[in-house]
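Thanks for coming. Please have a look at it first.

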Amino acid sequence: LPYARSDGGLASALQGAPTGLRAPALGVLTVGLALGGLTLGRGVAGGSLVIVSGVVGGGLVLTLAHRRLGGYTGDVLGAAGVMTEVFGLLALTAHR
């Protein structure tokens, strides 16, 4: 997403971030969520459900921000992180 503010801001430091760091960060997140599902006795299906739900939750926030603001801000990134966590935890508790 493009940065939504033209006057700068703390999240503007993320503009032009090296793309090579995104794949390892996503890999660590994916493994962490899957291990969380396995650790809590939900199995691989539970871990996968947590991952998909988290990505959907964060993606919904980013989609809304793109439509309403034209991009991301620091608040949008924070909200996306929180919604990713909430959707993942809801999926984890719902999957039995």
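Leaving out residues up to four places away in sequence, which residues does Ala80 touch? The answer is Gly58, Val61 and Leu62. Keep in mind throughout that this is a predicted model.

Let me step back to the overall layout. The protein has 3 helices and 0 strands, and along the sequence the pattern reads α-α-α. Helix 1 covers residues 22–39, helix 2 covers residues 43–69, and helix 3 covers residues 74–94.

How confident is the predictor? The mean pLDDT of the protein is 77, with 65% of the residues at 70 or more. Confidence is lowest in helix 1, where the mean is 66, and highest in helix 3, at 87.

Now back to Ala80. Ala80 belongs to the largest nonpolar core, which has 6 residues in all. As background, nonpolar side chains in soluble globular proteins tend to be buried together.

Leu77 also sits in helix 3. Leu77 and Gly58 are 19 residues apart in sequence, and their C-alpha atoms are 8.8 Å apart in space.

Next, Phe87, again in helix 3. With a relative accessible area of 27%, Phe87 is partly exposed. Which residues does Phe87 touch, not counting those up to four places away in sequence? They are Ser53, Gly54, Gly57 and Leu60. From Phe87 to Val55, which is 32 residues away along the chain, the separation is 8.3 Å. From Phe87 to Val52, 35 residues away in sequence, it is 9.0 Å.

Why does Ser53 count as buried? Ser53 has a relative accessible area of 16%, and the cut-off for buried is under 20%, so it falls in that class. Apart from neighbours within four places in sequence, Ser53 is in contact with Phe87 and Ala91.

Val55 has its place in helix 2 as well. Val55 counts as exposed, because its relative accessibility is 54% and the cut-off for exposed is over 50%. So Ser53 is buried, whereas Val55 is exposed.

There is also a nonpolar patch on the surface, formed by Val52, Val56 and Leu60. Together these residues have about 260 Å² of accessible area. Leu60 lies in helix 2 and is one of the residues that Phe87 touches.

Some totals to finish. Of the 96 residues of the protein, 22% count as buried. The accessible surface comes to about 6,300 Å², and 68% of that belongs to carbon and sulfur atoms. Among contacts in the protein with a separation of 6 or more, residues 24 or more positions apart account for 65%.

Key: Residues are numbered from 1 along each chain as its sequence is written. This is a predicted model: local features need pLDDT of at least 70, side-chain atom pairs count only at pLDDT 80 or more; totals for chains, interfaces and linings use all residues. Side-chain values use heavy atoms; hydrogens and water are left out. Helices (H or I, at least four residues) and strands (E, at least two) are DSSP runs, numbered from the N terminus. Buried means under 20% relative accessible area, exposed over 50%, partly exposed in between (1.4 Å probe, protein chains only). Contact means heavy atoms within 4.5 Å. Patches are made of residues with over 30% relative accessible area and no salt bridge: like charges are joined within 9 Å, nonpolar side chains (Val, Leu, Ile, Met, Phe, Trp, Tyr) within 5 Å. Accessible areas come from the Shrake-Rupley method with a 1.4 Å probe; for residues, only the protein chains shown count as cover. A salt bridge is a side-chain nitrogen of Lys or Arg within 4 Å of a carboxyl oxygen of Asp or Glu. A nonpolar core is a set of buried Ala, Val, Leu, Ile, Met, Phe, Trp, Tyr and Cys residues joined through side-chain atoms within 4.5 Å. pLDDT is the predictor's confidence in each residue, from 0 to 100.
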